[in-house]
Amino acid sequence: MDSLVDKIEALQKISKELEPSFKERENLNEQIRAFANHFLENLEAYPAYVEEDAVIEKLTFNSGKKTLKELLANFNSEVVLKGIKPASGKHLGYVPGGGIYTAALGDFLASVTNEYAGMYYASPGAVTMENELLNWMKKIFNFPKEAVGNLTSGGSIANLIALTAARDKYQIKNEKIQKSVIYLSPQAHHCIHKALRIIGLEDIKVRLLELDEFSKINTAKLTNIIQEDLKKRLNPFMVIASAGTTDTGAIDPLSAIGEIAKDYNLWYHIDAAYGGFFILTESKKKFFKGIELADSLVIDPHKGLFLPYGIGAVLIKDKKAVFHSHHYTADYMQDANTVATQINPSDVSPELTKHYRGLRMWLPLQIHGIDPFIASLNEKLLLTIYFRNKLKTLGFELGPKPDLTVSYFWYPSKKIDENIFNEKLVAFIHENGNVFLSSTKIDGKFVIRMAILSVRTKKATIDTAIEMIQNCLKQTKEYF
């Protein structure tokens with residue numbers, strides 16, 4: 001026994017290093033604080049994009065020890081200073097995540113306290129907090145109190161949960177799969193198609209619907225195609241609308257689609273991951289009329305509420321369908337199988353081990369209140385108009401007026417094919433890197449995207465972008 005005790009005590013001396021003392025924690029905290037403050041104070045001066053590979057050797061783990069000072073230097077040179085700068089207000093390419101500071105404090109506290117947010121039994125406070133955030137979102141989107149929801153890692157998992165519930169509600173399995181039909185826009189986010197594969201519906205019939213001149217679903221054509229499928233003795237069971245597409249910022253006619261879904265007994269899913277929180281603005285509220293008709297809804301706080309990457313949300317009206325997909329029990333968890341006053345997140349999600357991500361949303365909302373978030377959303381709407389007006393003065397052609405803050409443009413080259421010209425223009429923009437813009441194709445046409453949603457994007461940012469575009473346009477003309 002003495003030998004056993006000696007071995008335990010010897011191991012404890014080594015493992016003790018994983019629990020830094022108060023003085024050691026203060027030293028580590030000070031280094032992290034200094035790094036964070038330097039990053040935030042200098043963020044505006046950083047380029048938004050640097051096309052450079054990471055040095056693998058600086059990021060490889062070789063079992064030995066390194067100082068935090070050395071590790072922060074490697075983190076800065078290989079992670080922070082390369083690729084896209086997601087925290088920057090000059091990230092105008094893909095729909096940016098936010099990164100507000102108070103949300104980072106929530107993540108720090110969540111990690112330090114290490115609360116388990118999967119089941120009410122384990123942390124009634126953490127689960128209650130997340131469910132109260134979901135209840136707040138139910139009010140915003142006029143969903144019933146009895147709807148269930150989950151704070152997910154993002155829109156992809158949120159959409160996966162919703163589509164799984166729809167599958168199980170309508171029992172789309174076995175030979176029924178190949179006869180069943182889903183209707184959606186060709187501009188629906190690709191995570192929808194990915195989710196269908198994951199949940200075993202790869203062989204389902206997917207109807208990509210015709211769009212109008214504003215990239216919105218043509219509802220008359222939707223009705224016609226449903227009727228045609230019924231005549232073919234197929235099984236229409238779900239229609240998916242978007243409240244803010246990633247390509248054009250369009251909001252589909254939500255009310256009209258909802259009525260069609262009701263008429264034909266379809267599960268109505270709305271992907272509002274990007275655009276959902278614009279419902280908080282007075283000028284855009286009317287565009288979201290009919291969102292309350294959805295059977296399931298996805299919204300991303302890490303987009304419209306400017307939180308760091310890693311928090312999406314899903315709301316679903318049919319609790320039974322969600323529980324059929326996700327509610328399981330196990331003998332080793334019998335202590336937790338008590339009657340809970342709250343919905344367990346693990347019962348409405350694939351996750352059992354669940355990060356306490358609610359704190360990154362709850363803390364900023366409580367500290368700041370809702371008004372600064374709404375003001376920032378309104379600011380982005382006006383900046384989109386400002387940016388489009390400036391582009392027009394430079395001779396660019398613009399896509400249709402967007403519903404939200406994603407739009408596209410291209411230069412009408414006369415001497416050379418427009419697609420080739422604008423591809424080269426984007427290459428020069430990326431090479432410059434001061435402001436990050438992305439590209440897409442609309443009906444085969446190569447266009448440049450703007451996505452204005454970073455909390456740090458200001459008028460000065462747009463002015464910088466215009467100056468960069470002007471210089472890159474001159475380079476492109478000289479190149480050809």
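Helix α8 itself spans residues 190-198, and its buried residues are C191, I192, A195 and L196. These residues lie on the same side of α8, because they cover an arc of only 145° around the axis. The other side of α8 carries H190, K194 and R197, which are exposed. Just after the helix comes G200, with a positive phi of about 85°. The model is a predicted one.

**Nonpolar cores**

The largest nonpolar core has 57 residues. Those with the most contacts inside this core are M137, Y268, I270, I291, L297 and I299. What does I270 touch, leaving out residues up to four places away in sequence? The contacts of I270 are A241, A243, L254, G290, I291, A294, S296, L297 and V298.

**The largest pocket**

The largest pocket has a volume of about 960 Å³. Its lining is made of 28 residues. Nearest the centre of the pocket lie F35, A36, F39, Y101 and A104. Three helices each supply at least two residues of this lining: α2 (22-42), α4 (68-80) and α5 (101-113). Which element gives the largest share of the lining? Helix α2 does, with seven residues. By class, the pocket lining divides into 19 nonpolar, four polar and five charged residues.

**Cavities**

The model holds three cavities of 30 Å³ or more.

| Cavity | Volume | Lining by class |
|---|---|---|
| Largest cavity | about 50 Å³ | five nonpolar, one polar, three charged residues |
| Second largest cavity | about 40 Å³ | five nonpolar, four polar, two charged residues |

The largest cavity is lined by F214, K216, T248, A250, P400, K401, P402, D403 and Y408. The charged residues of this lining number three.

Around the second largest cavity stand E130, N131, L134, G149, N150, L151, I343, N344, P345, V348 and K354. Helix α6 (124-140) and strand β3 (148-152) each supply at least two residues of that lining.

**Two loop residues with positive phi**

Most residues other than glycine have a negative phi. N265 has a positive value, near 55°. This residue sits in the loop between α10 (254-263) and β7. F306 also has a positive phi, of about 65°, although it is not a glycine. Its place is in the loop between α11 (301-304) and β9 (312-316).

Is N265 buried or exposed? N265 counts as exposed, because its relative accessibility is 53% and the cut-off for exposed is over 50%. F306 counts as buried, because its relative accessibility is 1% and buried means under 20%.

E51 lies in the loop between β1 (49-50) and α3 (56-59). With a relative accessible area of 64%, E51 is exposed. What separation do the C-alpha atoms of E51 and D371 show? They are separated by 37 Å, and the two residues are 320 residues apart along the chain.

Y479 belongs to helix α16, which covers residues 459-479. Y479 and L425 are 54 residues apart along the chain, and their C-alpha atoms are separated by 9.8 Å. Leaving out residues up to four places away in sequence, Y479 touches K424 and F428.

Note on methods
Residues are numbered from 1 along each chain as its sequence is written. This is a predicted model: local features need pLDDT of at least 70, side-chain atom pairs count only at pLDDT 80 or more; totals for chains, interfaces and linings use all residues. Side-chain values use heavy atoms; hydrogens and water are left out. A nonpolar core is a set of buried Ala, Val, Leu, Ile, Met, Phe, Trp, Tyr and Cys residues joined through side-chain atoms within 4.5 Å. Buried means under 20% relative accessible area, exposed over 50%, partly exposed in between (1.4 Å probe, protein chains only). Contact means heavy atoms within 4.5 Å. On a 1 Å grid over the protein atoms alone, a cavity is a set of points where a 1.4 Å probe fits but cannot get out, and a pocket is an open set with protein on both sides within 12 Å along at least five of seven lines; lining residues have an atom within 4 Å of a point. Grid points are joined across faces, edges and corners, and a volume is the space filled by probe spheres set on the points. Helices (H or I, at least four residues) and strands (E, at least two) are DSSP runs, numbered from the N terminus. Ala, Val, Leu, Ile, Met, Phe, Trp, Tyr, Cys and Pro count as nonpolar, Asp, Glu, Lys and Arg as charged, and the others, Gly among them, as polar. The arc is that of the directions from the helix axis to the C-beta atoms.
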